[in-house]
Amino acid sequence: MTSQHPEKLIIQDLHVAVEEREILKGVNLEIGRGEVHALMGPNGSGKSTLGYAIMGHPSYEVTSGSIEIVEADGNRRDILAMEPDERARAGLFLAFQRPMAIPGVRVADFLRHAVSNVRNPERKEGQELVPMKEFRGELKAKMAELQMDTDFARRYVNDGFSGGEMKRAEILQLAMLAPRFAVLDETDSGLDADAVRLASESIARIGGADMGILIITHHEQLLEHNIPLKTHVMLGGRIVESGGPELAAELHKRGYERIRASYPEAAAAEEAMAAEAAATA
Amino acid sequence: MATDTHETSTLAAVPGNGAGVSKPVFGEINKYDFRTESPAIFKARRGLSRDIVNQISEMKKEPAWMRDFRLKSLEIFESKPMPHWGGRIGVNFEDIYYYLKPTEQQGKTWDDVPDEIKKTFDRLGIPEAERKFLAGVKAQFESEVVYGSLQEDLAKKGVIFTDTDTAVREHPDLLREYFGKIIPPSDNKFAALNSAVWSGGSFIYVPKGVSIEFPLQAYFRINAENMGQFERTLIVVDEGAHVHYVEGCTAPMYSTESLHSAVVEIVVKKHGRCRYTTIQNWANNIYNLVTKRAMAYEGALMEWIDGNLGSQLTMKYPAVYMMEPGARGEILSIAFASAGQHQDAGAKLVHAAPHTSGRIVSKSISKNGGRSSYRGLVKVEPGARKSKSSVVCDALILDDKSRSDTYPYIEIEEQDVSIGHEASVSKIGEEQLFYLTSRGLSEAEASAMIVGGFIEPLVKELPMEYAVEMNKLIELQMEGSVG
């Protein structure tokens with residue numbers, strides 16, 4: 001055993017295409033466990049694509065580059081070789097911007113399966129789930145912390161949920177699955193100011209020092225309790241600038257004009273991507 | 001769920017996609033793949049003839065009217081052609097045993113039931129199920145009911161719950177009034193066959209105003225190679241009475257073809273209510289050709305809940321004939337077709353009186369080359385004014401090899417009615433699968449969960465232990481289905 005290494009999620013020169021259209025054009029990012037990073041950028045710059053690529057969405061084809069986790073023993077695990085469920089079991093999580101409705105499937109049943117697999121990565125289909133009583137107690141406690149009604153667990157996953165309920169359900173899943181690295185894709189969109197504050201506090205409490213978090217957001221409120229170690233700005237499929245929390249504040253106040261002016265090549269790529277997307281839509 | 005088509009009020013068949021039915025694959029559901037040695041006391045010769053029918057009637061010591069009914073039915077059976085629609089029925093009627101009698105006498109208590117038979121039921125979990133949930137158990141083993149119990153208070157209320165053979169002996173007048181009247185032997189070839197060689201099944205009479213709060217249950221299985229099973233059930237719900245009857249079935253697997261052809265007749269009188277729940281999980285070689293029909297009178301409610309899994313071919317369309325004003329009919333149908341299986345299932349609603357209302361909800365799942373067809377009829381007779389019917393059928397297709405068809409027949413001979421029909425065909429959405437797998441569920445678990453959710457609206461109508469069993473069966477069906 002070598003000396004203890006900090007666990008890290010490392011993304012190198014990542015290129016991702018959707019239906020043969022290149023969206024990410026070489027992304028580099030390194031997130032240590034326990035660190036909070038913010039990812040900002042105009043719509044269509046590729047932020048959600050990065051989240052999907054990390055989680056292994058089948059429509060998002062990684063054409064080159066790598067995503068790896070550096071383990072505490074120094075070994076590197078190739079994330080790209082894993083199926084989405086294996087990535088979840090390896091400790092990755094994506095809070096969806098638009099979570100899918102699964103009619104007829106109750107939140108509690110779904111989460112009990114998810115928790116069983118993530119906590120016991122070797123679990124096979126049909127093997128024992130986490131004990132019901134233990135699971136229920138934990139779920140109830142986590143729901144109380146998120147000020148969620150207990151009825152929520154019996155509802156069908158995201159089926160007929162309001163925007164706010166969906167986002168809270170995503171945070172609940174984050175809390176229950178306790179990943180090592182999480183991407184939160186606009187977990188603040190569709191929430192009112194109080195709900196964003198609650199979400200921000202909850203994420204800070206859940207994350208603590210154990211989670212590496214990439215927060216994708218257009219606003220700074222979500223960062224209020226999650227001061228980012230670094231803020232990254234994505235434009236035209238690349239991270240063009242990284243800074244501290246003050247960068248998030250600047251972008252929130254002033255928008256992306258300065259960024260576009262400073263990185264004309266990325267801004268041109270952004271325009272080309274927008275035109276291409278409009279043509280295929 | 002990605003809905004590919006959605007249409008309203010159509011008479012046309014929706015063509016299925018994907019290939020047809022592939023060869024049967026055995027070994028998918030192995031939970032019930034076992035058989036116990038059972039010393040059948042009498043085994044009729046293979047094949048069908050007047051002699052065999054006479055012999056069956058004689059063995060049962062039946063009155064002349066029943067023997068004559070059987071013989072007449074045999075003539076009808078022989079004169080009728082095979083149905084020319086539905087699925088391919090590859091049954092050789094000469095290869096089938098038409099009667100088996102496993103024990104001399106019906107067991108009166110659990111202790112009287114032969115050990116071999118108990119062992120089979122043990123493995124199916126029947127005794128526990130009885131202790132926990134069931135008030136009266138009628139378990140049919142091979143061709144006859146071998147075990148029956150009925151709670152005393154039911155008997156005190158005048159409820160009759162017995163096997164149909166016993167009812168012929170002990171309640172001849174009551175039985176004869178309805179037997180073969182709702183589904184006459186001339187109805188179809190398989191109703192005629194059942195009428196000629198029937199054995200076992202349940203007879204239930206619920207007197208006026210009597211309400212039975214817990215489900216009555218029968219649980220049976222086929223356990224002899226090449227043996228046809230022809231049970232015959234008759235339920236009479238008198239005025240203002242209420243009953244829920246549950247029929248469950250799992251069958252072990254065999255390599256040769258086998259036939260199951262039941263007849264279920266139900267009468268629900270004025271303001272009576274009857275619910276009939278079936279979960280059938282047949283071996284992949286079984287032809288399951290069943291006729292089920294209920295007559296509902298003034299203000300009465302008849303509900304069929306029908307779950308069909310397994311079998312090589314199932315053709316089953318539970319019907320409600322609404323005979324008097326205010327009668328209601330509800331039919332919920334679930335079909336799951338996997339490799340080598342064709343579920344041709346559906347429902348029939350006949351509005352024969354004004355102010356009657358009916359509803360059909362059908363959910364079908366096709367996977368691994370399986371084929372499921374919804375075949376339904378809504379008929380409104382002349383004069384059945386202000387009748388209302390709605391039909392919703394949703395099909396879920398799990399892969400490109402599988403197939404789903406819809407054959408909705410609507411015959412309306414009255415102007416002043418409201419009839420709705422909706423059909424949808426879906427595939428499991430990639431986005432749903434990704435969402436679930438991104439939370440750590442394997443693709444098979446995620447698919448099973450989506451399928452479970454798809455049928456949840458029907459499963460929640462089932463008594464608890466059946467809902468649990470249904471979900472388990474779906475999980476077993478889904479295992480190894482992906483990849």
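## Helix packing, sheet and chain contact

Helices α1(B) and α2(B) lie roughly antiparallel to each other, because angles over 145 degrees count as such. The model is a predicted one. In it, α1 (residues 50-59) of chain B packs on α2(B) at about 155 degrees, and their axes are 10 Å apart. On the α1(B) side, the contact uses R50(B), V53(B), N54(B) and S57(B). On the α2(B) side, it uses M66(B), R67(B), R70(B), L71(B) and L74(B). By class, four of these residues are nonpolar, two polar and three charged. The crossing of α1(B) and α2(B) is right-handed.

Helix α2 (residues 64-79) of chain B also packs against α8 (residues 189-197) of chain B. The angle is about 150 degrees, with the axes 7 Å apart. That angle makes α2(B) roughly antiparallel to α8(B). This crossing is left-handed. From α2(B) come F69(B), R70(B), S73(B), L74(B), I76(B) and F77(B). They meet K189(B), A192(B), L193(B), S195(B) and A196(B) of α8(B). The contact of α2(B) with α8(B) holds seven nonpolar, two polar and two charged residues.

| Helix pair | Angle | Axis separation |
|---|---|---|
| α1(B) and α2(B) | about 155 degrees | 10 Å |
| α2(B) and α8(B) | about 150 degrees | 7 Å |

Chain A contains an open sheet of six strands, ordered β6-β7-β8-β3-β9-β10, with mixed pairing. From one strand to the next, the twist averages 20 degrees. Strand β9 (residues 230-235) of chain A runs antiparallel to β10(A), and five bridges join the two. Across this pair, T231(A) stands opposite G243(A). Helix α7 (residues 245-254) of chain A packs on the sheet. It touches β3 (36-40), β9 and β10 of chain A, and its direction makes about 45 degrees with that of β9(A).

Next, the contact between the chains. How many residues of chain A are in contact with chain B? There are 26, and they meet 23 residues of chain B. Helices α2 (84-89), α3 (107-119) and α5 (163-177) of chain A each supply at least two residues of the side of chain A that touches chain B. The largest share, five residues, comes from α3(A). The side of chain A that touches chain B divides into 16 nonpolar, six polar and four charged residues.

Conventions: Residues are numbered from 1 along each chain as its sequence is written. Chains are lettered from A and ligands numbered from 1 in the order in which they are written. This is a predicted model: local features need pLDDT of at least 70, side-chain atom pairs count only at pLDDT 80 or more; totals for chains, interfaces and linings use all residues. Axes are lines fitted to C-alpha atoms, for helices over the stretch in contact, and angles run from 0 to 180 degrees between N-to-C directions. Helices (H or I, at least four residues) and strands (E, at least two) are DSSP runs, numbered from the N terminus. Angles under 35 degrees count as roughly parallel, over 145 as roughly antiparallel, 65 to 115 as roughly perpendicular and the rest as oblique. A crossing is left-handed if the near helix is turned anticlockwise from the far one by less than a right angle, and right-handed if clockwise. Two residues are in contact if their C-beta atoms, placed from the backbone, lie within 7 Å. Ala, Val, Leu, Ile, Met, Phe, Trp, Tyr, Cys and Pro count as nonpolar, Asp, Glu, Lys and Arg as charged, and the others, Gly among them, as polar. Two strands pair if DSSP finds at least two bridges between them.
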